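Please read it with the model open.

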Amino acid sequence: MNLYTKDINLLLVFHTLYEELNATRAAQRMSLSQPALSHKLNKLRHEMGDSLFVRAARGLTATPRAHELARQMQPLIHQLRNFYEQTEGHDYLSRTESIRIYTTDYMEQALLPHLLPLVRQAAPNVTIVTQNTRGRLPRQELETGECDIAIAGFYNDLPDTLRQQRLIEEPFKVLAARDNPHVIGGFSLDDYLECEHLLTTLTGDLKGLVDQKLAELGRERSIVAGLSSFIVPTRLLTETRWLLTCLRSIAEQATALDDNLVILEPPLDLPNVQVMQIWHERTDADPMRRWLRNTIQEVLQRVCREHSS
């Protein structure tokens, strides 16, 4: 085998097509015209002795041979990226980019005041755009590049093409008006259930984790309202007998702003929430996005330490 007769660029064509499974998106990523991509794909098929990608109802589907090649090619692409990143130094921070983060209003409030000044200083040509994750994993947006990073505490059952990293872990607390008679002199499960409750629901579902735990005990709480915000419910508790079960940092922020509110321990066993950031494998080695993910992690861990100290 003579390596000099091989077109190494075809490996990148294969890698991009395998990630996208869509000829139009693959051509856009590689800045190629559709005819140019078709020409390279035909050369690739001839060299590998297999059709590799065939038309499907939506885009392309990979053949068994393509899946086999992809497993071998992934480490090669990763090593190439690392090589060029090391030779480029920190020039990636001067790139002009818009990076989209899907998250919640709570995370925007906790993260952005600390993150944005760091981004403006280190990467002044980068624009951060946030969108509400609306209680769901933006899988399609991550796959198509409409979303670069998704941050929340309720993502489950991730496909193999997505990467994840734990940012912070927080316990639940109960937020109440200081003059609520049910929280004075002790706070039992019966006291908790005698009150009415606010909750955050990003999907409209009024049966959250708390309600699932109560159902295991054969108990149920009364819901006043389900709101699409993590922050707004904290503004509605003063001079009421309502309760809000929320993350510790949300409760601490609310009491810092309103002396009429108090924080209580939940009278039932609730697991901690792990806030994760999710991204697609296609951006895993991108130095700009990797720098941003590392910065997000550092910022949130620092904010969490400040809240707990």
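The points below cover the salt bridges first, then the cysteines.

1. Ground rules. This is a predicted model, where local features need pLDDT of at least 70, side-chain atom pairs count only at pLDDT 80 or more, and totals for chains, interfaces and linings use all residues. Residues are numbered from 1 along each chain as its sequence is written, and side-chain values use heavy atoms, with hydrogens and water left out.

2. Salt-bridge count. Side chains of opposite charge can pair when their charged atoms come close. The cut-off here is a side-chain nitrogen of Lys or Arg within 4 Å of a carboxyl oxygen of Asp or Glu. That rule gives 19 salt bridges.

3. Glu20 and Arg282. These two form a salt bridge, with the closest N and O atoms 2.1 Å apart. Glu20 sits in helix H1 (residues 9–20), and Arg282 sits in the loop between strand S12 (273–280) and helix H10 (287–308), so the pair ties together parts 262 residues apart in sequence. Helices (H or I, at least four residues) and strands (E, at least two) are DSSP runs, numbered from the N terminus. Glu20 counts as buried at 5% relative accessibility. Arg282 is buried too, at 13%. Buried means under 20% relative accessible area, exposed over 50%, and partly exposed in between (1.4 Å probe, protein chains only).

4. Glu97 and Arg289. Their side chains meet in a salt bridge at 2.8 Å, N to O. The pair links distant parts of the chain: Glu97 is in strand S3 (residues 97–103), Arg289 is in helix H10, and 192 residues separate them. Both Glu97 and Arg289 are buried.

5. Asp211 and Arg221. The closest N and O atoms of this salt bridge are 2.9 Å apart. Asp211 belongs to helix H8 (residues 209–216), while Arg221 is in the loop between H8 and strand S9 (222–227), so the pair ties together parts 10 residues apart in sequence. Asp211 is buried, at 8% relative accessibility. Arg221 is also buried, at 8%.

6. Which residues are joined by salt bridges that share partners? Glu19, Glu20, Arg25, Arg29 and Arg282 make up one network.

7. Cysteines. A disulfide is a covalent bond between the sulfur atoms of two cysteines. The test here is a pair of cysteine sulfur atoms within 2.5 Å. The count is zero disulfides. Cys147 is buried at 2% relative accessibility. Cys246 is buried as well, with a relative accessible area of 6%.
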